[in-house]
Amino acid sequence: MSHRVRRALAGLTATVIAFLCVGQRPALAHGFTSTVYAHLAPSEGGRLRTTLELEYDLFVVSAADSEHDESLFRAGTSAFESGDAGEQAAALKAHTRSAMAYVTERFSVTAAGRACAPSQAGGFRTGEREGVPYVTLGLDWACPGGAGEQSVRSELFPDAEGYVKGVKTIVTYEVDGRSGSAALDAAHPSFSLAQAWYERFWEFFRLGAEHLLTGIDHILFLLALIAGSRRPREIVLAATSFTLAHSVTFMLAALGLVDVPGAIVEPVIALSIAVVAGWYLWRICRRGDHAMDLAPAGRGHFSLDRAGWTRLGVVFCFGLVHGLGFAGALGIEAAWSWTLLWSLLVFNVGIEAVQLAIIAVLFPLLLQLRRRSRRAGLWVTGAISAGVSVMGLVWFVQRLSGF
């Protein structure tokens, strides 16, 4: 059995590698989604100031296409390729009309249901977020009557443009003694500064849940944990270890207390997927039908043997890195506040809810399969681990090389 398992897994691995080499497309600088950041604060003369941060190359391409400004496209892409921040800002300044038209057609503020009039506040500033060039643009909004319930709507970089999918706008605000945060997307493009606290937190819960569901690398890491766990207690401890670890770094990074470049975080996340899945494949190759057996020492505390404890430590260490990835997806760098802290916690709860739901559905099915046929359970979990491990290795090479 052990020899046949090795041959089968080798064949499966070769098949997956061939599929990935043919089907994988190069990773883009900003992947297949983007995040817009908006901060609201009072400005002079009773106006409202919004400070927008938009991904530079996406902004240039979208604005040039929308406003039919070929000159902006040529100047902006040339500046992007040169990597010169001053040149990037100059390209936008020379095409202020197109840039402003694009933004103000898709981002708006209303007060008591009446539209506020925008005007540019300052020039264009360029910088980086997670190693990706961003442009900062300030807008002052003059609202009729200067008062009323203020609402914000963002439809920047819609899916219909075809450049990216699922753009999110993270909004933070400090207005009239109120502070908070909100997450906007195509399904929920607007919010009111007067909305209830539970409405704001529900947005972050939903955002956390969606991030895990759409984050294929985190899903595959979870699948590797499920496939390689031998007992219910082992997957519970592994999931708990992963949760504790990524919660710590997620909070520290999202609050701006820890800053690790995405160029380091993303390859390590990919490597963690390959290592955790490969760990189980190595057990299959060594122990064959007995890969799921516990050593005698595993009958004691927590029902874990030395291999189980070692795996738990590895999962915890990689969980710390995954937390940085979650924080990078949210991207809030506002000053610390209780409101912000609770928003981050709710985002994390959304992640955990989906994670637990996946475990609750899949792991009992694997347990039942193993009880009915040890060999069938070994084949299924081995196939899952082989596919996940190869995918992790391919991503690791891609992210390390910048493809």
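1. R106 sits in helix α5, which spans residues 96-106. The model is predicted. R106 has a relative accessible area of 18%. The cut-off for buried is under 20%, so R106 counts as buried.

2. What does R106 touch, beyond residues up to four places away in sequence? The list is S66, R153, S154, E155, L156, P158 and E161. With S66 there is also a polar contact: the two side chains are joined at 3.1 Å.

3. Now the helix pair α2 and α4. Helix α2 covers residues 56-66, and helix α4 covers residues 85-93. Their axes come within 12 Å. The crossing angle is roughly 25°. Angles under 35 degrees count as roughly parallel, so α2 is roughly parallel to α4. The crossing is left-handed.

4. Which residues make the contact between α2 and α4? From α2 come Y56, F59 and V60. From α4 come Q88, A91 and L92. By type, the contact has 5 nonpolar residues, 1 polar and no charged.

5. T51 belongs to strand β2, residues 48-55.

6. T172 is 121 residues from T51 in sequence. In space, the C-alpha atoms of T51 and T172 are 10.0 Å apart.

Definitions and conventions
Residues are numbered from 1 along each chain as its sequence is written. This is a predicted model: local features need pLDDT of at least 70, side-chain atom pairs count only at pLDDT 80 or more; totals for chains, interfaces and linings use all residues. Side-chain values use heavy atoms; hydrogens and water are left out. Axes are lines fitted to C-alpha atoms, for helices over the stretch in contact, and angles run from 0 to 180 degrees between N-to-C directions. Helices (H or I, at least four residues) and strands (E, at least two) are DSSP runs, numbered from the N terminus. Angles under 35 degrees count as roughly parallel, over 145 as roughly antiparallel, 65 to 115 as roughly perpendicular and the rest as oblique. A crossing is left-handed if the near helix is turned anticlockwise from the far one by less than a right angle, and right-handed if clockwise. Contact means heavy atoms within 4.5 Å. Ala, Val, Leu, Ile, Met, Phe, Trp, Tyr, Cys and Pro count as nonpolar, Asp, Glu, Lys and Arg as charged, and the others, Gly among them, as polar. Buried means under 20% relative accessible area, exposed over 50%, partly exposed in between (1.4 Å probe, protein chains only). A polar contact is a pair of N or O atoms within 3.5 Å; within protein, one must be able to donate a hydrogen and the other to accept it, and residues adjacent in sequence count only if both atoms are side-chain atoms.
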